[in-house]
Amino acid sequence: MAIPLAYNLRNLSARKVSTVLTALGIGLVSWVFIFTLALAGGFQSALQATGSPTNAIVIRNGSTAELTSIVARDAAASIESQPEIARAPDGTPLATHELVVLWNLKRKNGTPANVVVRGVTAKSVALRPKIHLVEGRMFRPGLEEVVVGKLAQARIAHCALGDRIKLAGRQWSIVGVFDAQGTAFDSEIWGDVELFMPVFDRPVYQSVTLRLDEPSHFGALRKRLEADPRMSVQVKHEDEFYAAQSATLAALLRGLGLFVTLVMALGAIFGALNTMYAAVGSRTKEIGTLLALGFSRGSILTSFLIESVLLATLGGLLGSLMTLPVNGITTSTMNFASFSEIAFRFQVTPSMLLSGMIFAAVMGALGGFFPSRKAARRVIVEALREA
Amino acid sequence: MKYLRLIVANLLRSKRRTFLTVFSIAIALFLFCTLRTVITSFEASLRASQATRLVVRHAASLVFPLPLAYRERLAQVPGVTGISYGNWFGGYYQDPKNQFAQFAMDVPTLLDLFPEVVLPTAQAEAFRSERTACIIGGALARKYGWKLGDQVPIIGTIFPGEWRFVVRGIYTGQTKDVDENTLFFHWDYLNESLPEGRRNFVGIYWLRIASPDLAASVSGRVDAIFENSPQPTKTETEKAFQAGFISMIGNVQLLLTIIGSAIVFAIMLVTINTMMMAARERTREIAVLKTLGFSDGLILRLVGGEALFLSLLGGALGCGLAALVFRESDFTAGGFFPNFRVLPETVLLGLLLAAIMGFLSGVAPAVQAARLEIASALRKVA
Amino acid sequence: MASENGTLIHLRDVHKVYYRDRIEVPVLQGINLDVHEGEFLALMGPSGSGKSTLLNLIAGIDAPTKGEVRVAGESLGTLKPSRLAAWRARHIGFIFQLYNLIPVLTAYQNVELPLLLTRLSSRERKKRVLFALGLVGLEGRAKHFPRQLSGGEEQRVAIARAIVADPTLLVADEPTGDLDAKNAAEILTLLKRLNEELKKTVLMVTHDPHAAERAHLIYHLDKGVLQS
């Protein structure tokens, strides 16, 4: 025979302050849990989404980031003439060679940031379908014009449309703003690669990116290029290349988040234990009465356990709701793989919210078990006698 | 003092509850100290930096090198009493995950300009006289089990290929803030191994100046010299350089502060609840004490003192545990935080926080107890 | 201490009204009472007659709705809560029906409680506590906790606590209400001794005629009105 749920609900609402305090405490733990997941998830998906699985990126052998890579002009030309590359409508190969430098600029709050400045070709945008201009126009080749990613525009000083920015001793007009849908490109500044090379005093490119005509051709292309002793390059799937850059920091963030939430959960379980022990203690007589009425020990245990889980889930719900405003907030960090600034958004997903609630419920179950068992083990006569 | 016994007796009333509360507070403070230490570890390089050292680099960013020829001109700037230089090597050991700092340094000037790198004389001599020699920090040696005479293979990402260095010295830091996770080797060795076109470039010059007061004037003079050259410089104190680097890491401080506050706040709510429950169960006893003539103020202090005592006990446990754990474990989070140790300031801050937590969690039940109407409280339970 | 004519307790037209769910419940209706120093007075009456309320008013732990309560030279209505607490500590020794010892403190520590409010040194406190425990015949039980004592012993510890600070007035609310006949007799004998040997004024609420017999004076309280 089960004790009706209404009994638990009424008990929770009878000691409102205690219920709210305990639920909030557990809710905050869920909040931190979801918060760190959203942080790591946002960072990782920003980098992961940067690359496309149908693209391949060619960098120097031994480099882990574009910044430390070198691809000579003749090597780039030879890479771009490979047969596995998809064709643009005009019949030219869908490939681009790019120059990447880090430039120290000021954030809007005055602190310095290393911004990726990328020299690109006409094919660069075509290779990244996520990118489209949202303001202004594209830069014109050969002119001192640049376009900026929308997160760079939001965070870096003097990056509004029409502003001029100083790079390599020259003034560059910002003629357009592009949206790269939250990918790493959103934190970059783009200009004409052929103009950048002399201005930045760089005789070589950093990478070649190309679209494969057929995903299955990747292996053949890679084998041929990596075997060529004159080039000394490595070929990677673009998505894997960017995902690898996020791996260390994302793992660190997740590790920190997990460590913090697990330890903190212990604290919250202690709190739940206290609350439930007190609840059991103050209801000794009731428990005796329930037992005398013929309720089984099992149903007493279940009832108290349900009450505790209910309390914790209420907290988990609160905590989950509190993370919603965090969703979409932009923050930035240094991508340690490239030492460049990368802005990204907190990403609260439904599955994170669900995990947060489950996490809270588990805390409630753990915190409620021992007090519930104590309640169920009461001896009727003693329980009734106690004040 | 005579009332302390009353407080202690009350805490021993429900040992389980006291234990659970003290430990949940200890956990909160342990986490607080840990998160705070993440922040202070980022800043360890600031504390280790010296006021008489300037850093000269390319104005654009560290990616662009400066010519070796700048050395002579820098040395002539008035106020400069010493100069060293080096390149960030950016390699890894076996797997890209095994990251630690490697610098190709001008060895003759390295130990002169960096007195915080402490090396036995014999080892310093061995390091100086062998082209492929390197020195490593004590923590790094412990981490990978490297000993004097070992060959250490490092895979270059900026300078491709596998580079082999012989460990000829293991340095210790002069203070605890000095990073002991760095490998230094000969800049000459790197330079000679490079193709013709990439030789004779320097990533960073370090200048020693006669007095910290000269920092601004020397920096200004250096940057003025090279202002219109193809490679303009940016000169700043070592501290400013490190601070710039830290600020690039972004909002980590804010994020950690948010998480830390949430933790402390959560546990505080739980503690408030516990203290209120404890006080409620003792309504009758408090009424008795009042009958005996205990004033409202004294009751307030007794109940509040109990919360304060509990919190401070938990705080001391949590902070102490954090200090101990991270001192004993050589924890670096995969090389991310080379100097992960809890500072005394962090412990003090933690205890202060615990006191505030105790105060806040004691206020409500203490006021409740002080306001208790004796007659009705005695009647209610009797 | 007392007024010039030796009156320790002086009540004039005291009324007390309680509110139970906003319904007015008159408990005391115009009580007049004078008790002289050194008296042993018993207050009798059926349950709900208001005798405990009257005792609480005299002990300064409750306040009248109307009227004057003057005890040991102070008009209690005029005292601020902090002064009233100090006054209680100085003048009142309270003995409860259910002893009300603090369960986490030993007999010794329970008796010592009122002395913590004084400026006495710990040595001086110890002397007095042991004296009080000796007076009630429990020297050997100093280190025991309340749960390790019998009911009669608990009440004797409570009495020691009530007298340890040498109060002017002892008030006892059904001191024998929870005890068997033998223990009750012992407690009453003890109160009588305190009254006779230490010259303590004792005011006792009881519904037990045997208990009341020990008093010099017996007042009856019925429906909030006092009859002698």
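The following questions and answers go through a predicted model chain by chain and contact by contact.

Student: How is the model numbered, and which pLDDT is needed for local features?
Tutor: Residues are numbered from 1 along each chain as its sequence is written, while chains are lettered from A and ligands numbered from 1 in the order in which they are written. As this is a predicted model, side-chain atom pairs count only at pLDDT 80 or more, totals for chains, interfaces and linings use all residues, and local features need pLDDT of at least 70.

Student: How many helices and strands are there in chain A?
Tutor: Helices (H or I, at least four residues) and strands (E, at least two) are DSSP runs, numbered from the N terminus. On that count chain A has 12 helices and 12 strands.

Student: What percentage of the residues of chain A count as buried?
Tutor: A residue is buried if 20 or more other C-beta atoms lie within 10 Å of its own, exposed if 12 or fewer, and partly exposed in between, with C-beta atoms placed from the backbone. Applied to the 387 residues of chain A, this gives 53%.

Student: Which residues of chain A does UniProt list as "transmembrane region", and what is the helix content of residues 20–43?
Tutor: UniProt positions are in the numbering used here, feature names are shortened, and annotations may be inferred rather than shown by experiment. The unreviewed entry lists residues 20–43, 256–280, 300–322 and 342–370. Residues 342–370 are 72% helix and 14% strand, with end C-alpha atoms 47 Å apart.

Student: Where does UniProt place "domain: MacB-like periplasmic core" in chain A?
Tutor: The span in question is 32% helix and 29% strand, and its end C-alpha atoms are 68 Å apart. The unreviewed UniProt entry puts this feature at residues 19–227.

Student: Which chains share the most contacts?
Tutor: Two residues are in contact if their C-beta atoms, placed from the backbone, lie within 7 Å. Chain A and chain C do not touch, and their nearest C-alpha atoms are 13 Å apart. Of the 2 pairs of chains in contact, the one that shares the most is chains A and B.

Student: Which element gives the largest share of the side of chain A that touches chain B?
Tutor: This contact takes 49 residues from chain A and 47 residues from chain B. Elements of chain A that each supply at least two residues include α2 (16–48), β2 (95–106) and α8 (238–282). The largest share, 15 residues, comes from α8(A).

Student: How do the residues of the side of chain A that touches chain B divide?
Tutor: Ala, Val, Leu, Ile, Met, Phe, Trp, Tyr, Cys and Pro count as nonpolar, Asp, Glu, Lys and Arg as charged, and the others, Gly among them, as polar. The division is 27 nonpolar, 19 polar and 3 charged.

Student: Which element gives the most to the side of chain B that touches chain C?
Tutor: Here the contact takes 19 residues from chain B and 19 residues from chain C. The side of chain B divides into 9 nonpolar, 5 polar and 5 charged. The element giving the most, with 4 residues, is α12(B).

Student: How far apart are the C-alpha centres of domain 1 and domain 2 of chain B?
Tutor: Domain bounds come from an automatic or database domain assignment. For chain B they are domain 1 (4–44 + 250–381) and domain 2 (60–231). The centres lie apart by 47 Å.

Student: Is D201(A), with its positive phi, buried or exposed?
Tutor: Most residues other than glycine have a negative phi. D201(A) has a positive phi of about 60°, and is found in the loop between α6 (193–199) and β9 (207–211) of chain A. Because D201(A) has 12 C-beta neighbours inside 10 Å, it counts as exposed.
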